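Morning, everyone. I'd like a few minutes on one structure. Please look at the screen.

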Amino acid sequence: MPNQALLLLATEFYRHGCERRFDEYMQWNAKTISAVGEVPGFDRIELVMSYLRGAMINTDDACKAHDDPQLYYQFSYALIHLMGHLDKRSPSKQQFAAWLSRQPSLEYEPEGFSRVVNG
């Protein structure tokens with residue numbers, strides 16, 4: 001989902017890096033949807049990618065927490081329907097909560113900086 005206006009301003013090194021990552025992203029999406037099982041009738045990859053892009057923007061605009069099980073539950077439900085697998089069940093909110101609790105911290109700390117702790 002590269003911003004074409006920004007890509008035109010970037011150096012060749014960064015432009016190629018962005019294009020390479022975007023190609024990897026597209027391949028990963030296609031592979032993942034194929035693994036779930038393709039259902040003919042619509043361009044499911046385009047549907048899913050458009051939904052995810054909008055969902056990411058809306059999630060960011062609403063300042064939602066990255067570790068909210070409800071968020072993953074809702075995404076899962078929408079993706080199952082967009083991919084045409086209405087007969088499949090989404091994992092429960094409790095399953096998402098358990099999965100999130102096992103994930104490493106997602107906080108970003110640049111190299112060379114240490115966290116300042118008050119007190």
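I'll take two helix pairs, then a pocket. Keep in mind that this is a predicted model.

Start with α2 and α3. Helix α2 covers residues 12-36, and α3 covers 44-61. The two pack at an angle of about 115°, with their axes 10 Å apart. Their crossing is right-handed. Who makes the contact? From α2, we have Y25, M26, N29, A30 and I33. From α3, we have R44, I45, V48 and M49. By class, that contact has 7 nonpolar, 1 polar and 1 charged residues.

Now the second pair. Helix α4 runs over residues 69-82, and helix α5 over residues 93-101. Here the angle is about 120°, and the axes lie 8 Å apart. That angle makes α4 oblique to α5. The crossing of α4 and α5 is right-handed. On the α4 side, the contact uses P69, Q70, Y72, Y73 and S76. On the α5 side, look for K93, F96, A97, W99 and L100. The classes for α4 with α5 are 7 nonpolar, 2 polar and 1 charged.

The largest pocket has a volume of about 380 Å³. It is lined by 16 residues. Which of them are closest to its centre? They are W28, T32, V48, L52 and L79. Helices α2, α3 and α4 each supply at least two residues of the lining.

Methods
Residues are numbered from 1 along each chain as its sequence is written. This is a predicted model: local features need pLDDT of at least 70, side-chain atom pairs count only at pLDDT 80 or more; totals for chains, interfaces and linings use all residues. Side-chain values use heavy atoms; hydrogens and water are left out. Axes are lines fitted to C-alpha atoms, for helices over the stretch in contact, and angles run from 0 to 180 degrees between N-to-C directions. Helices (H or I, at least four residues) and strands (E, at least two) are DSSP runs, numbered from the N terminus. Angles under 35 degrees count as roughly parallel, over 145 as roughly antiparallel, 65 to 115 as roughly perpendicular and the rest as oblique. A crossing is left-handed if the near helix is turned anticlockwise from the far one by less than a right angle, and right-handed if clockwise. Contact means heavy atoms within 4.5 Å. Ala, Val, Leu, Ile, Met, Phe, Trp, Tyr, Cys and Pro count as nonpolar, Asp, Glu, Lys and Arg as charged, and the others, Gly among them, as polar. On a 1 Å grid over the protein atoms alone, a cavity is a set of points where a 1.4 Å probe fits but cannot get out, and a pocket is an open set with protein on both sides within 12 Å along at least five of seven lines; lining residues have an atom within 4 Å of a point. Grid points are joined across faces, edges and corners, and a volume is the space filled by probe spheres set on the points.
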